[in-house]
Amino acid sequence: MDKARIDALVAQTVPPQGLFIGGAWHEGTARMAVTSPIDGRALTTIADASEADVDRAVKAARAAYASGRWSRAAPAERKKVLMRIAETIEARALELAVLGVRDNGTEIAMALKAEPGSAAATFRYYAEAIDKLSGEIAPTAPGTLGLVHREPVGVVGAIVPWNFPLMIGAWKLAPALAAGNSVVLKPSEVASLSLLKLAEICAECGLPEGVLNVVTGQGAVAGQALGLHMDVDVLVFTGSGGVGRRLLEYAARSNLKRVYLELGGKSPNVIFSDAPDLAQAAAVSAAGIFRNSGQVCVAASRLLVERKVQEEVTELLARAAEGMRVGNPLDPETQAGAIASEAQLARVQGFVDSATQEGARLVTGGQRILQETGGSFFAPTIFDGVAPRHRLSREEVFGPVLAITPFDTEEEAVALANDTDYGLAAAVWTGNLSRAHRMVSAIDAGVVHVNTYGGSDGTVPLGGHKQSGNGYDKSLHALNKYVNLKTAWIQL
Ligand code: NAD
């Protein structure tokens, strides 16, 4: 990674940002300050969209959709534009990554890969898919013809969180646009900058005006206005369960729009004593909870370990946590960056305090660090002796805090793994192939890793079971969210 180039990008001031509506920038009625979690300093200001601003964006999206310039463009045309977007994201990857890191504090090594890297791959994946998916001719009786058309839904509202804005934004935008929809995107107020830059890139690459609109602002105002809007056909969301519930209510109170939710997790990472390599299991498990300072939906936040290797695994994990380079996320050597906001840091501290009160044992970490930088940093933290009833076993922290719970048998491991309202991700470490398959089928989660944690790519779906959500991002399955099926029934 080019350190001099990073320094040059960091030296640039970020100008005040507007709302991107109908292909043009608008100041918006009010402004909000953006603070960098790296040093607590003001970075810039963004527009704080009102209900009227959101309405304007939805109207622009609807007008673009009705014009047919994108919705009825030949698939090969749409493919060309989305390919260009993928290439431009790739060409400007470092610029996008640095801007995002200044905004949300993710360590640059991870941000570069997960943000522009993954966003470019996502745009390319759906660009390539557009002209390869066909409708169906149904096996109907002679004398009749049943055709199944796949049509865009119309206007998609997308609301995304702050941990990986570009990656998650692309997971929504690329399939929605590929299918021919118009979109109104509401980034998190904590991290909007890279998605505003993406809007600029999309316009430069030839996406017709009004097809993508970006409204920044507060969830309770701009997000709510989008959720309640009568002319939004589908709402796609990644974020917390609490807000997900509200979106379902908004849909019920307005036009019954379809709502797809990608929510949080409390993911079990199960290490058996027959794991092929305990040192490797501990190292990967540490990365699985501490990278991006635990602000990862699939974070491996509950470690279930077979009692006979508990001491050894805990010791290995403690060493990994203490050896982790936490600090300035713009340093390519940093392994865990900042917590995205002071509010989130206070929440993490609250979980640590309650774990101690509930009787779990603090193994390492447990407090804010590097306060002299002005930034929001938290030490990688491990508790053991965490009981299933403890808050640390049940609630998502979204920070660098690991809960360790021992088990004795495979049955007990399955029961503990599934003793949660969530069902997003899981892992099992074992050298026994039959046990691996038994565990994959027994654990109720959207993804179960075996002898690894967190591996994935764009070809496989990501989605939650139980209260981790519904619907899938990534893979061809994600396209289903953005199309309506229409039957043409023809009497021959
Ligand atoms: P959040 O739910 O607080 O906010 C997410 C988005 O919702 C933001 O844009 C916010 O402005 C908006 N919002 C807030 N209140 C709203 C309201 N009343 N109406 C409409 N919109 C509203 O989540 P966060 O703190 O930004 O992100 C962390 C959460 O996201 C965690 O729970 C994490 O697990 C989850 N997440 C899930 C996945 C996944 O793929 N399942 C991926 C990343 C993050």
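## Elements around the ligand

In this predicted model, α8 (219-228), β10 (234-238) and α9 (241-253) each contribute at least two residues to the shell around the ligand. Helices (H or I, at least four residues) and strands (E, at least two) are DSSP runs numbered from the N terminus. The shell also takes at least three residues from each of domain 1 (12-137 + 149-263) and domain 2 (268-457), with bounds from an automatic or database domain assignment.

Residues are numbered from 1 along each chain as its sequence is written, and side-chain values use heavy atoms, without hydrogens and water. Because the model is predicted, local features need pLDDT of at least 70 and side-chain atom pairs count only at pLDDT 80 or more, while totals for chains, interfaces and linings use all residues.

## Shell composition

The ligand is surrounded by 30 residues, each with a heavy atom within 4 Å of it. The closest are Lys186, Glu189, Ser240, Leu263 and Glu396. By class, 16 are nonpolar, nine polar and five charged; Asp, Glu, Lys and Arg count as charged, and Gly is among the polar residues.

## Polar contacts and cover

Polar contacts are pairs of N or O atoms within 3.5 Å. An oxygen atom of the ligand lies 2.6 Å from a side-chain N or O atom of Glu189, and one lies 2.6 Å from a side-chain N or O atom of Ser240. For Gly239, a polar backbone atom is 3.4 Å from a ligand oxygen atom. On its own the ligand has 850 Å² of accessible area, of which the protein covers 91% (Shrake-Rupley method, 1.4 Å probe).

Notes:
Polar contact = N/O pair within 3.5 Å; in protein donor to acceptor, adjacent residues only side chain to side chain.
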